[in-house]
Amino acid sequence: MAEVERWWFRRSFASEAIGDVFTGPSDSNEGLGGVHAADAERDFAFFQAEVKACDAAAAGHDLDETFMSSYGVTLSLRWVYMLMIQEYARHNGHADFLRERTDGQQVTELLSQKVQHRAPGEMDENQNGHGPT
């Protein structure tokens, strides 16, 4: 996600002349084969720093401010934010795949363990009499 943030906010919108973010080996698995637990803190800190730099690149600009994409299409900052919402939604799904690789459970199995089937209005045991669920 650091690469996508950098590309759209800093390189495209703000026209910063900066390089690519290293995204891991080309392993036909979107770089997931290059993920190592020992690097997690370092990688997350890098991501947070990139998001902060991207926030700074967009700060003070109107959402309707436009720029020319590398394909010659006029786009707005608003469009970039909408794209990023889509990207984060997509990658949240990827995070679920990573979680599944670590614990072996599919999300449907996890949900069935946590969801209690009850009639509408029936009290949840954790509500302590504070109204229906």
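Helices here are DSSP runs of H or I with at least four residues, strands are runs of E with at least two, and both are numbered from the N terminus.

Why is helix 1 (residues 2-13) largely enclosed by the rest of the structure? Because 9 of its 12 residues are buried, where buried means under 20% relative accessible area with a 1.4 Å probe, counting protein chains only. Among them are Trp8, Phe9 and Phe13. The buried residues of helix 1 pack against helix 2 (40-58), strand 1 (66-68), strand 2 (74-76) and helix 3 (77-103).

## Where the model comes from

This is a predicted model: local features need pLDDT of at least 70, side-chain atom pairs count only at pLDDT 80 or more, and totals for chains, interfaces and linings use all residues. Residues are numbered from 1 along each chain as its sequence is written, and side-chain values use heavy atoms, leaving out hydrogens and water.

## Helix 3

Helix 3 has 27 residues and spans 39 Å from its first C-alpha to its last, close to the expected 39 Å, which is 1.5 Å times one less than the number of residues. Its buried residues are Leu77, Val80, Leu83, Met84 and Glu87. Their cover includes helix 1, helix 2, strand 1 and strand 2.

## The whole chain

The protein chain holds 4 helices and 2 strands, in the order α-α-β-β-α-α along the sequence. Of its 133 residues, 20% count as buried.

Note on methods. Buried means under 20% relative accessible area, exposed over 50%, partly exposed in between (1.4 Å probe, protein chains only). Contact means heavy atoms within 4.5 Å.
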